[in-house]
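Subject: Handover of a structure and its description

Dear colleague,

Please find the structure below, followed by an account of what was found in it. I would be grateful if you would read the two side by side.

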Amino acid sequence: MSARRIFARPARLAAIAPYLWMVLFFLVPFGFVLKISLSQTAIAQPPYTPVFDFTAGRAALAAAFAQLSLDNFRLLIQDNLYILSYLRSLVVAVSSTLILLLIGYPIAYGMARLPQRWQGIAMMLVIVPFWTSFLIRIYAWINILQHDGLLNQVLLALHIVSAPVIWLSTDSAMYLGIVYSYLPFMILPLYATLSKLDASMLEAPAISAPRRDRRSGW
Amino acid sequence: MPLLRIEGVAKSFGNFRAVDKLSLDIRAGEFFALLGPSGCGKTTLLRMLAGFETPDEGRILLGGSDIAQVLPHERPVNMMFQNYALFPHLSVRDNIAFGLKRAGMARRDIATRVAEMVALVKLEGLEKRKPDQLSGGQRQRVALARSLARRPQVLLLDEPLAALDKKLRESTQGELMELQRRLGMTFIIVTHDQEEAMTMAGRIGVMDAGRLVQVATPRNLYEAPASRWIAEFVGDINLFHGQVAARANGRLTVATAEAGTLAVSELWPPVTKDVVSVAIRPEKVKLSRRAPATDEGGTHAINRLEGVVADVNYLGGVTSYRVKLETGAVLRASMANTARLDVDAYLAGQRVVAWFTADDCLVLEQ
Amino acid sequence: MARTVTRLTRFNMTSLAAGLAFLYLPIVILVIYSFNASRLVTVWGGWSLRWYHEFFNDRAMLEAAWMSLSVAAVSATLATLLGTLAAVGLARGERFRGRALFSGMLYSPLVMPEVISGLSLLLLFVALNAERGFWTVTIAHTTLTMCFVTVVVQSRLSALDRSLEEAAMDLGCDPVRAFLLVTLPLIVPAIVAGWMLAFTLSLDDVVIASFTTGPGSATLPIRIYSEVRLGVKPEINAICTLAIALIAVIIVVASFASKLSNARGESAAPL
């Protein structure tokens with residue numbers, strides 16, 4: 001037995017509670033989704049078949065299992081609608097990443113060249129939007145882009161356009177929203193590399209916490 | 001009965017045999033050094049003594065009872081870590097008191113003991129500092145005080161001076177020896193630095209590939225190494241391989257390819273094989289412009305080798321020479337600079353005779 | 001040569017300023033509009049606290065805000081507790097049976113779309129016939145955010161010098177006491193940061209909350225989302241401003257905590 005092994009036993013005991021939690025609230029629910037994905041649509045309550053009834057005995061359960069199929073996944077592959085929307089998502093993702101790199105790199109580079117004292121402040125300024133709710137930050141754009149919003153007012157006042165332009169729900173607004181939302185995510189890692197921050201700085205949760213991309217429907 | 005008896009202890013990590021059936025006795029009050037190159041198993045052995053590793057086989061007897069399976073926190077042994085492992089969130093005082101509090105010592109006794117330890121390692125006035133407010137040397141002292149505070153039966157020191165610079169290391173060596181003498185405690189130190197081991201320890205155990213290859217006093221280790229490997233590991237040495245040509249009156253005649261025929265006094269136990277190496281330390285090699293008088297057959301048989309000084313390195317206290325022999329082999333010699341102005345110093349390119357007596361060389365097997 | 005450097009720097013500073021302006025312009029406009037006296041979002045009617053006043057008198061909004069804050073506080077606390085325990089298990093448990101499944105379960109929510117997390121938990125709650133509201137949202141948020149806490153605390157634990165724990169044992173601590181007396185004080189900053197992360201993530205979430213909440217107990221983001229679809233309301237500007245201010249305060253505290261954590265980590269490193 002080594003020192004590490006002496007520590008291992010109580011450490012494993014500590015993991016029991018989170019283990020059970022994750023099994024109950026992650027693994028089991030995930031099983032539900034998996035099961036439904038293999039089921040058939042039915043006009044019933046619940047709206048799919050088969051329904052597993054664990055009280056109905058083994059034969060009925062086996063029969064229910066036999067009904068599971070990959071039809072839904074076949075549909076995903078065969079229906080053009082799904083493939084096209086996947087492709088479109090891919091195109092949007094790649095092009096917005098390129099735009100982000102184009103905008104983000106000069107900003108990160110500028111930050112890295114600031115005097116030490118100002119770098120901390122600049123980083124703070126990038127981190128605040130990073131942590132601010134996507135909902136709030138996109139909502140802020142609606143103030144600007146809506147029909148009688150700030151942008152149209154400015155354009156009208158400057159006589160660049162003669163009638164209000166529709167901005168919201170256009171491709172440009174989508175790209176703007178994506179670029180705006182993810183810009184801090186592009187700047188921070190670039191800045192970290194460019195300024196050769198030591199590893200311990202990256203460890204600071206404020207920067208490295210992997211905030212998931214959240215497709216909230218925007 | 002020794003204080004600490006290590007009996008046939010072995011430890012493997014996967015397929016790697018870190019410590020291989022090792023046995024060793026350590027007496028109470030001894031300053032013992034485990035010396036060896038990195039990866040020789042000396043740290044694993046120390047960690048087994050501390051309880052951080054458990055031996056696969058063998059026994060570790062401390063004061064007669066087997067502690068091989070006893071957990072670290074239940075052993076009357078303390079360790080000073082190579083990186084000191086000071087608790088960064090605790091002050092100097094709390095670091096030193098940490099082990100005493102765990103032992104359930106009374107508050108007042110703890111205060112007395114901490115003050116005593118602080119005085120012992122000369123850290124007065126720094127009790128409230130945190131480790132990151134201390135210099136490297138000060139941290140080393142805190143680590144020492146912390147491991148001494150519980151008055152362990154054995155203090156284990158893992159490369160305790162490796163992180164200090166040369167000057168500080170030398171003065172700390174002296175302080176550690178003084179401290180050990182004063183406390184009468186048993187110290188076991190692990191080091192890869194042979195000079196450090198020779199300076200401080202009363203006995204040195206040399207380890208290689210998980211085995212103890214020699215246990216001896218510093219002097220015996222240097223002057224009578226048990227093998228070629230040890231001779232080369234401890235200090236500088238010239239080695240000439242050859243065959244035993246004759247043996248008479250406790251003297252061997254060895255025919256070597258590189259240095260001709262050499263006369264060597266035989267040690268006890270006598271060599272059994274015919275293929276041997278003749279070893280001679282550089283400082284035992286004398287240089288002169290002319291060959292010294294011979295005394296054939298006498299007790300002071302002299303080996304003489306002619307050559308040309310290839311290069312000269314002045315090192316302050318000593319000057320080391322590399323002499324190229326006629327066979328092309330290189331013989332190293334060093335001479336103490338006993339006079340400030342040395343008109344007799346040899347120059348590169350000069351022809352010299354290098355000589356040494358039969359008693360000054362060793363004959364080694366392997 | 002020196003001139004090129006200057007020009008380069010000027011270009012850098014310009015792009016940096018433009019970038020920060022792009023990031024902050026919408027936010028600044030939002031904050032300014034929140035103090036607009038006019039009901040019309042686009043007409044400036046002078047400075048006023050009218051919309052803040054309106055918000056503090058809007059029962060439904062206040063209830064939603066209270067629901068969000070309490071869900072965030074309870075789920076962040078649960079997540080910190082469970083996430084720290086999980087991190088200890090992963091960082092100190094060595095190899096054990098079920099470890100791969102455990103870390104898999106903890107890492108997948110980090111990359112899984114929220115829609116799936118939300119939907120799967122909804123299915124569970126329906127199957128269990130649980131009444132949906134405060135506790136179902138809290139459980140859902142705990143499940144998601146404890147994974148983030150685990151990542152943050154685990155990275156701190158792995159970076160910690162193991163010889164500190166050995167030294168504690170050498171000086172008479174059993175493993176549990178070594179953890180409580182030495183390891184825990186050293187990872188407190190990571191635990192605090194983990195809690196704040198969990199709190200803001202919970203406060204931020206629309207999707208999972210929409211799936212797991214029941215009628216009459218909407219969270220603030222859900223309410224905002226449904227209001228926005230009907231058009232911009234000045235009151236929302238006020239709420240968003242308050243939320244941004246709250247987040248800014250949390251970040252300042254968190255960065256202070258992580259600086260503290262770094263300072264401690266350095267002194268723990270070998271010389």
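What is the order of the strands in the open sheet of five strands in chain B, and in which sense do they pair? The order is 13-12-11-14-20, and the pairing is antiparallel. Strands are DSSP runs of E with at least two residues, helices are runs of H or I with at least four, and both are numbered from the N terminus. Two strands are taken to pair if DSSP finds at least two bridges between them.

Before the details, a note on the basis of the description. This is a predicted model, in which local features need pLDDT of at least 70 and side-chain atom pairs count only at pLDDT 80 or more, while totals for chains, interfaces and linings use all residues. Residues are numbered from 1 along each chain as its sequence is written, and chains are lettered from A and ligands numbered from 1 in the order in which they are written.

To return to the sheet, strand 13 (260-265) and strand 20 (362-364) of chain B stand at its edges with a single partner strand each, so one side of each has no neighbour in the sheet. On average, neighbouring strands of this sheet are turned by 45° against each other, direction ignored; the axes are lines fitted to C-alpha atoms, and angles in general run from 0 to 180 degrees between N-to-C directions. Strand 14 (residues 275-280) of chain B pairs with strand 20 of chain B in the antiparallel sense over three bridges. Val278(B) has Val363(B) in strand 20 of chain B as its bridge partner.

Val278(B) is also in contact with residues beyond four places in sequence, including Phe240(B), Val254(B), Leu262(B) and Cys361(B). A contact requires C-beta atoms, placed from the backbone, within 7 Å. Together with Ala145(B), Leu156(B) and Ile188(B), Val278(B) touches the most other members of the largest nonpolar core, which has 215 residues. Domain 1 (4-228) and domain 2 (236-292 + 300-364) of chain B both contribute residues to this core, so the core lies between them. Such a core is a set of buried Ala, Val, Leu, Ile, Met, Phe, Trp, Tyr and Cys residues joined through C-beta atoms within 7 Å. A residue is buried with 20 or more other C-beta atoms within 10 Å of its own, exposed with 12 or fewer, and partly exposed in between.

The domain bounds come from an automatic or database domain assignment. The C-alpha centres of domain 1 of chain B and domain 2 of chain B lie 39 Å apart. Chain B has eight helices and 20 strands, and 37% of its 366 residues count as buried. The C-alpha atoms of chain B fill a box of roughly 75 × 50 × 35 Å along the principal axes.

Ile6(B) is bridged to Leu24(B) in strand 2 of chain B. The hairpin of these strands has two residues between them, and Gly14(B) takes a positive phi near 60° there.

In chain C, Phe55(C) is found in helix 2 (residues 50-57). Phe55(C) counts as buried because it has 20 C-beta neighbours inside 10 Å.

Finally, the contact between chain C and chain A takes 78 residues from chain C and 66 residues from chain A.

Yours sincerely

How values were computed: Two residues are in contact if their C-beta atoms, placed from the backbone, lie within 7 Å. Ala, Val, Leu, Ile, Met, Phe, Trp, Tyr, Cys and Pro count as nonpolar, Asp, Glu, Lys and Arg as charged, and the others, Gly among them, as polar.
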